[in-house]
Amino acid sequence: MNKYKKSKYNVSFEEDNKVIFVNYLTRAIATVDKEKAEMIKEILREPNREWKEEYKKLKDDLIYGGYLVNKYFDELQHLKMLNYISRYDTSSPVFTILSTLQCNFDCVYCYESKEGPSMTQETAQEISDYLCEIATKKRKISIGWFGGEPLVNFDVIKLINRNVIETCDKYHTDFVSSISTNGYLLDEDKAKYFDELDIKNVQITFDGPPQYHNKYRPLKGGKGTFETIYNNTKRLLEMTKETHISLRVNVGVENYDKIPELLEMFDDFPKERIRIYFRWIFQASEDNREFYAKLHEFKGLNSFKKISKFYIEAAKKGFKVFFPILTQNRYCEYDSVSSTVIGPKGEIYPCTVAIAKGAVFGKVTKNGIEYEKEKYLYWHKPDAFEDEECKNCKILPICMGGCRNARLQGSKGCPEEKRDVEHFAKVWYFTKTLENKCKICEVEK
Ligand code: SF4
Ligand code: SF4
């Protein structure tokens, strides 16, 4: 008979007379009444007893959900394989391209210089040649546009996406594109190209309702931007067929109580095509120490708990929410040899945050990318599976080792979800449950 042991990644909590069991590795979520929960706890304590009837059925369910695993199953090794596949799989490269380092905004907390070069047509052509060559050999290729403000230099976006789409069509390679924009320049004239350019995901940031957003994210010169961005977002959704919008909501000291007001305003958007996530204004630049210190104090020790209420509020209103930490088998998209950040001069950065620090570690050339090997290897060196704290961490399956940029600068890079793993499981459970309820409502309508 097979022998079993308890998974290392089980978390449980009580809610409304129910007990919820979550497994971070399989991402199973099970809700049971208190009586069954006691039976489950008994089985988890002694998984190899001769369980009969209802207990036997429950034990089978626990095995199915990964709460119980074969005695010889090495969960850590399994996770390591998932993580390594995600980090070293090269079948579907992802390119983040900065069309410019210039920006039309003057956000109070911004960490980028807002000045700097824009990509020339000549450099764009070289990058496009390189990407087209890659597209002939791969299963899928993704291009994400970033800046500065990428729409300041829309012509190179058109040039590169069109060329790569043409090659992908010819070689039956899947293509997907996205853009991270402040949304201000996303007028009708640009929106009409989004379907043709296959830009299917657009990330736009709001810093609360107009009075706060306009204070934090003004144009250079100080003019407010909320109304234009809001109208542009709405129009883009009307003018495109499949474009989805990821709304990033930045939360800070002053706008904290006003986020529900912003969610009310999002009610005008088609809910099935937007998803929302919340972030502290984390890049409160070290140059802006006062801003940073206030926020740090406000967030307190359990910052995830404090921000998590917005996930629940948004889900209650029928919005899809997402937790960036749950999206892949690595901490962030730059935690992979397949992810490349290309600057406006064809220079290569390890990740989008490292741009501000000028951490260039390679360049696109006519022969492909030439890396500065030492720096490249150093970036990819941190490994959660060689770190005792990570190996014993309950949320290793969703975190996979934290931010490597932070690690390389000497801190651990744990996400705020680590501060209260049970609370994270709760928020995740609530939002999932609410999403499923909404799906049922939609069917019944
Ligand atoms: S939360 Fe921290 S300790 Fe846990 S896996 Fe992530 S980086 Fe490692
Ligand atoms: S700073 Fe860390 S989490 Fe952010 S993009 Fe860079 S590596 Fe990823």
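Predicted model: local features only at pLDDT ≥ 70, side-chain atom pairs only at ≥ 80, totals over all residues.
Local features need pLDDT of at least 70, side-chain atom pairs count only at pLDDT 80 or more, and totals for chains, interfaces and linings use all residues. Residues are numbered from 1 along each chain as its sequence is written, while chains are lettered from A and ligands numbered from 1 in the order in which they are written.

Start with the sheet of three strands. Its order is β2-β3-β4, it is open, and its pairing is antiparallel. Strands here are DSSP runs of E with at least two residues; helices are runs of H or I with at least four; both are numbered from the N terminus. Two strands pair if DSSP finds at least two bridges between them. The edges are β2 (10-15) and β4 (28-33), each of which pairs on one side only. From one strand to the next, the twist averages 20°.

Look now at β3 and β4. Strand β3 (residues 18-23) runs antiparallel to β4, and six bridges join them. Isoleucine 20 stands opposite threonine 31 in β4. Valine 22 has isoleucine 29 of β4 as its bridge partner. The hairpin has four residues between the strands, and arginine 27 takes a positive phi near 65° there. Helix α1 (residues 34-45) lies across β3 and β4 and runs at about 120° to β4. Such angles run from 0 to 180 degrees between N-to-C directions, with axes fitted to C-alpha atoms, for helices over the stretch in contact. Contact between two residues requires their C-beta atoms, placed from the backbone, to lie within 7 Å.

Next comes the sheet of 11 strands. It is open, its pairing is mixed, and its order is β12-β11-β10-β9-β8-β7-β6-β13-β14-β15-β16. Strands β12 (320-321) and β16 (368-371) are the edges, and each pairs on one side only. Within this sheet, β6 (residues 94-98) and β7 (residues 140-146) pair in the parallel sense over five bridges. Valine 94 stands opposite serine 142 in β7. Helix α5 (residues 154-171) packs on the sheet and touches β6, β7 and β8 (174-181). The direction of α5 makes about 175° with that of β7.

Further along, β9 (residues 199-206) and β10 (residues 244-251) run parallel, joined by six bridges. Asparagine 201 has histidine 244 of β10 as its bridge partner. Strand β10 is also joined to β11 (residues 274-280), by seven bridges and again in parallel. Here valine 249 stands opposite phenylalanine 278 in β11.

Which residues of α11 are buried? In this helix (residues 303-316) they are Ile307, Ser308, Phe310, Tyr311, Ala314 and Ala315. These buried residues fall within an arc of 150° seen down the axis of α11, so they line one face of the helix. The arc is that of the directions from the helix axis to the C-beta atoms. An α-helix has 3.6 residues a turn, so residues three or four places apart point the same way. Buried means 20 or more other C-beta atoms within 10 Å of the residue's own, exposed means 12 or fewer, and partly exposed lies in between, with C-beta atoms placed from the backbone. Just after α11, glycine 318 takes a positive phi of about 95°.

Two single residues follow. Tyrosine 371 is in strand β16. It counts as partly exposed because it has 15 C-beta neighbours inside 10 Å. Leaving aside residues up to four places away in sequence, tyrosine 371 touches Ile348, Phe361, Gly362 and Tyr376. Tyrosine 349 is 22 residues from tyrosine 371 in sequence and 9.9 Å away in space, C-alpha to C-alpha. Lysine 432 is found in helix α16 (residues 421-444). It too is partly exposed, with 15 other C-beta atoms within 10 Å. Lysine 432 and valine 321 are 111 residues apart along the chain, and their C-alpha atoms are separated by 9.1 Å.

Of the 14 residues around ligand 1, Cys390, Cys393, Cys399, Gly402 and Cys414 come nearest. A residue is near a molecule if its C-beta atom, placed from the backbone, lies within 6 Å of it. Helices α13 (388-391) and α14 (396-399) are the elements that give two or more residues to this shell. The shell around ligand 1 divides into eight nonpolar, three polar and three charged residues. Ala, Val, Leu, Ile, Met, Phe, Trp, Tyr, Cys and Pro count as nonpolar, Asp, Glu, Lys and Arg as charged, and the others, Gly among them, as polar. Around ligand 2 stand Cys332, Tyr334, Cys351, Thr352, Val353, Cys403, Arg404, Asn405 and Ala406. By class, that shell has six nonpolar, two polar and one charged residues.
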